[in-house]
Amino acid sequence: MSETNPAPGGPAIDEQAITAAVDAALAAIAAAPDTATLKQVRIDHVGDASVLSTANRAIKDLPKDQKAAAGKLVGQGKGRVQQALAARQGELAAAEEEAALAAETVDMTLPTDRRPRGAAHPLSTLTDRIEDFFVGIGWEIAEGPEAESSWLNFDALNADPEHPSRSLQDSIYLAPEGSGMLLRTQTSPVQVRAMLERGAPLYVACPGTVYRADEIDATHSPVFHQVEGLAIDKGLTMANLVGTLDAFAAHLFGGAPVTRLRPNHFPFTEPSAEMDFRCFSCDARLGLDHDADPECRVCGGTGWIEMGGCGMVHPNVLRAAGVDPEEYQGFAFGLGIERILMLRNSVADMRDMVEGDVRFSQHYGTEI
């Protein structure tokens, strides 16, 4: 396979370009003098904007007869790079540890703290704060299993059989093959379970851990956390949704945030939207008549920060859960808790949240 093209004018998957990208990545990995440099090499060559990741995303748009060959080409190339990264990480980490041990001296006569103080992880603290908000407005907190059936994770949420989220590139399925079980990709199945168990009216927030087939980098992780909300009652409208999310944004970020809805498409809501709020970091926070700072790292110079997906619950989802859409309406939304923490507390790299260094948690102290 020399070149595949998903659509006229679309991104091409060219064997020569993939080979060149792999060779460049291997050369950069071999030349990395320390783990800090290797971290940037990882972002540059297998991060979201890299040639390999862009090509991987483009596979879904290829004709069916080209997908296998393209997947093999890109997958093998990315695998070689990941193996080289892991090997080089081990070499550099060992060398740096050896150098640190040689440079440091320890006075064994000095007193030590035998019971070092721990700290609640900021993700746990933020989740508690989120739950407090929803309990405060009269909602319930609902939980569900992390190993979930495909029916609850996809079918009951109106996802068609060919939806890309069902593929192995996005979802992590459990053995044996064909079991129909996977690690949930969202906490939406908890909403369906709540409707099946309790019926309507219903007001629940569903925080929890979710899983995607992603490589960990500064802004992505294969394991992360979401909070999703579901309200089912008579006479609910988009105005109720906007009011709830406005109040939630004010609770998390303070002030009176300016919000907007951008039309979008999700199979489980109709109409669907992405909700943004005005950047709180640059001059955009002063209102719509103030321009954003082009150099602002929080909003990227746009003046807006994406909050999450939302919309009115699709009638098919209500029917799947045994709720009559002629009698009840509902709204739903989903937000990433890691993303909220990154925006709220200026955390630059998602990997800092999972490395297990207690100093990361101690830095944020205790919220009251």
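**Helix packing, domain contact and local geometry**

Residues Pro 122, Leu 123, Leu 126, Thr 127, Arg 129 and Ile 130 of helix α5 are in contact with Ile 337, Glu 338, Ile 340, Leu 341 and Arg 344 of helix α10. By class, the residues of this contact comprise seven nonpolar, one polar and three charged. The model described here is predicted.

A second pair of helices, α2 (residues 35-46) and α4 (residues 64-103), packs at an angle of about 170°, with the axes 10 Å apart. An angle over 145 degrees counts as roughly antiparallel, and α2 and α4 are therefore roughly antiparallel to each other. On the α2 side, the contact is made by Thr 35, Leu 38, Val 41, Arg 42 and Val 46. Helix α4 contributes Lys 78, Val 81, Gln 82, Leu 85, Arg 88, Gln 89, Leu 92, Ala 93 and Glu 96. Seven nonpolar, three polar and four charged residues make up the contact of α2 with α4.

At the level of domains, the protein chain is divided into domain 1, covering residues 15-103, and domain 2, covering residues 122-362. The C-alpha centres of domain 1 and domain 2 are 30 Å apart. Contact between the domains involves ten residues of domain 1 and nine residues of domain 2. About 680 Å² is buried between domain 1 and domain 2, and 47% of this area is on carbon and sulfur atoms.

Side chains of opposite charge can pair when their charged atoms come close. Between domain 1 and domain 2 the count is one salt bridge. The side chains of Lys 39 and Asp 349 meet in a salt bridge, with an N to O distance of 3.3 Å. In total, the structure holds twelve salt bridges. Among them is the pair of Arg 198 and Glu 140, whose closest N and O atoms are 2.9 Å apart. This pair links distant parts of the chain, since Arg 198 belongs to helix α7 (residues 188-198) and Glu 140 to strand β3 (residues 140-141), 58 residues apart.

Some features of the backbone were also examined. Most residues other than glycine have a negative phi, and most peptide bonds are trans. The peptide bond from Ala 175 to Pro 176 is cis, with omega near 0°. Pro 176 is located in the loop between β5 (172-173) and β6 (181-183). Glu 270 and Pro 271 are likewise joined by a cis peptide bond, with omega about 0°. In this case the proline, Pro 271, is found in strand β10, which covers residues 269-278. Asn 158, a residue other than glycine, has a positive phi, near 70°. The position of Asn 158 is in the loop between α6 (150-153) and β5.

Technical notes. Residues numbered from 1 in each chain as written. Predicted model: local features only at pLDDT ≥ 70, side-chain atom pairs only at ≥ 80, totals over all residues. Heavy atoms only, no water. Contact = heavy atoms within 4.5 Å. Helix = DSSP H or I, 4+ residues; strand = E, 2+ residues; numbered from the N terminus. Nonpolar A, V, L, I, M, F, W, Y, C, P; charged D, E, K, R; others polar. Domains from an automatic or database assignment. Buried area = accessible area lost by both parts, 1.4 Å probe. Salt bridge = Lys/Arg side-chain N within 4 Å of Asp/Glu carboxyl O. Axes fitted to C-alpha atoms, helices over the stretch in contact; angles between N-to-C directions. Parallel < 35°, antiparallel > 145°, perpendicular 65-115°, else oblique.
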